[in-house]
Amino acid sequence: QGLVAYPYLKDVSSQVRQDTLTLYALDAQIHQNYFKAAEFYQELYKSTDQIQYQYESLRMLEQSGEIETFVIRVNGLLKQFPNDLLLKRFEIIGLMKEAKFLIASQKAFTLCATTKEIPDFLLYGEANLKLGNYVIARDALRQAYEISHDPITCERIALIEYSELNEQKQA
């Protein structure tokens, strides 16, 4: 009868459950138990339907090294949400973890053409770096740098120019 008389108590208990799962997930992350953290975030997603928990679960799953599980989950989600840019980026990360660099490069190129966003240029550059396409990798990183002015990206460009393209003056 108390729940009928005070329906907000149900919300309080679900909030307490959500807070508890969040603390468990964070604790697992701190202890570098990324697979367990992924499970907690997945449970949070199931109980709240908040997509950020799904993304965090995928991020933790990728960190855990459970690449096959990561790829299966990403591919399943892409069937449900084919236009989700973060899922497309996770797919590219999975392809690179599976050493499918050519496919990753092609998908990243498509994303770059569509979004012109920093993460996509970085993924495209990384995939091409793994393929040994240093000019394309450098150019993709330059596009990311032009938007972000991130010093780490600038250092990567210089490293590619110096060590792989023998362009010491450019570096």
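**Figure 1. The largest nonpolar core of the predicted model.** This core has 22 residues, and those touching the most other members are Tyr-41, Leu-58, Phe-70, Val-74, Leu-87 and Phe-90. Two or more residues come from each of helix H2 (8-30), helix H3 (34-48), helix H4 (51-64), helix H5 (67-80) and helix H6 (85-97). A second, separate core holds 14 residues, including Leu-95, Ala-108, Tyr-124 and Ala-140. In soluble globular proteins, nonpolar side chains tend to be buried together.

**Figure 2. Surroundings of Leu-87.** Leaving out residues up to four places away in sequence, Leu-87 touches Tyr-55, Leu-58, Val-74, Leu-77, Leu-78 and Phe-81. Leu-58 and Val-74 are also listed with Leu-87 among the core residues that touch the most other members.

**Figure 3. Glu-126 in helix H8.** Helix H8 covers residues 118-131 and contains Glu-126. The relative accessibility of Glu-126 is 24%, so this residue counts as partly exposed. Apart from neighbours within four places in sequence, Glu-126 contacts Met-96 and Arg-156.

**Figure 4. The protein as a setting for the close-ups.** There are 10 helices and zero strands. The C-alpha trace spans about 75 × 30 × 30 Å along its principal axes. The radius of gyration is 20 Å, well over the 16 Å that the globule rule gives for 171 residues, so the protein is more spread out than a compact globule. Of the 171 residues, 35% are buried. The accessible surface is about 10,500 Å², and carbon and sulfur atoms account for 55% of this area.

Notes. Residues numbered from 1 in each chain as written. Predicted model: local features only at pLDDT ≥ 70, side-chain atom pairs only at ≥ 80, totals over all residues. Heavy atoms only, no water. Helix = DSSP H or I, 4+ residues; strand = E, 2+ residues; numbered from the N terminus. Buried < 20%, exposed > 50% of the residue type's maximum accessible area, 1.4 Å probe, protein only. Contact = heavy atoms within 4.5 Å. Core = buried A, V, L, I, M, F, W, Y, C linked by side-chain atoms within 4.5 Å. Rg over C-alpha atoms; globule rule 2.2 N^0.38 Å. Areas by Shrake-Rupley, 256 points an atom, 1.4 Å probe, with all protein chains shown as cover.
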